[in-house]
Amino acid sequence: MTEDDPILEALTALRHRREEAMQEVQRIETAIASLELLVPVAAPPLFIPPPSEVEWPRPSAKSLMMRLMLEGDRDWSVPEVIQEYENRGITFQVKDPNNALRAAVAEENKKGTILRTAPGRYKAAKWTSAQDQLEDKEDASSD
């Protein structure tokens, strides 16, 4: 390669730009360090609990059930909902999950957000057609 070689010229130009950029970074680092000296240091909080002691609110049994029912077009029984969440490593934060879910099913069924598909089986109303919902209401009224 000769001194007039375009590749050598490009390489030299890039090395020069890199050196300028490194100098600019050094100037910025110096400016940051100077400004950090002017910022007052905040006093640390008196007590920060370890992460293991922090309790985050967990979803209710009803909201967990509704999330599951809204995931896909299938019906669920209460024991299947509990088993599905156990398989996912999620536990219900109630003494009696069966009872809490049965109450949630009754409440949501009454509201019409879930529908009974068979005895003890329910699915989200969004997965059923209007005709299916009408037939379910007629069946319920004839019971």
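This is a predicted model: local features need pLDDT of at least 70, side-chain atom pairs count only at pLDDT 80 or more; totals for chains, interfaces and linings use all residues.
**View 1. Helices α3 and α4 cross each other.** Here α3 (residues 78–87) and α4 (residues 97–111) have axes that come within 9 Å and cross at roughly 120°. The two helices are therefore oblique to each other, and the crossing is right-handed. Look for Val78, Val81 and Ile82 on the α3 side, meeting Pro97, Asn98, Leu101, Arg102 and Val105 of α4. Sorted by class, this contact has six nonpolar residues, one polar and one charged.

**View 2. Lysine 62 pairs with glutamate 108.** Their side chains form a salt bridge, with 3.6 Å from N to O. Lysine 62 belongs to helix α2 and glutamate 108 to helix α4, 46 residues apart in the chain.

View 3. In one, lysine 123 meets aspartate 73 at 2.8 Å, N to O. Lysine 123 is buried at 15% relative accessibility, while aspartate 73 is partly exposed at 48%. In the other, aspartate 75 and arginine 121 have their closest N and O atoms 3.1 Å apart. Aspartate 75 is partly exposed, with a relative accessible area of 22%.

**View 4. Serine 77 sits in the loop between α2 and α3.** Serine 77 counts as buried because its relative accessibility is 12%, under the 20% cut-off. Beyond its neighbours within four places in sequence, serine 77 touches Gly120 and Arg121.

How values were computed. Residues are numbered from 1 along each chain as its sequence is written. Side-chain values use heavy atoms; hydrogens and water are left out. Axes are lines fitted to C-alpha atoms, for helices over the stretch in contact, and angles run from 0 to 180 degrees between N-to-C directions. Helices (H or I, at least four residues) and strands (E, at least two) are DSSP runs, numbered from the N terminus. Angles under 35 degrees count as roughly parallel, over 145 as roughly antiparallel, 65 to 115 as roughly perpendicular and the rest as oblique. A crossing is left-handed if the near helix is turned anticlockwise from the far one by less than a right angle, and right-handed if clockwise. Contact means heavy atoms within 4.5 Å. Ala, Val, Leu, Ile, Met, Phe, Trp, Tyr, Cys and Pro count as nonpolar, Asp, Glu, Lys and Arg as charged, and the others, Gly among them, as polar. Buried means under 20% relative accessible area, exposed over 50%, partly exposed in between (1.4 Å probe, protein chains only). A salt bridge is a side-chain nitrogen of Lys or Arg within 4 Å of a carboxyl oxygen of Asp or Glu.
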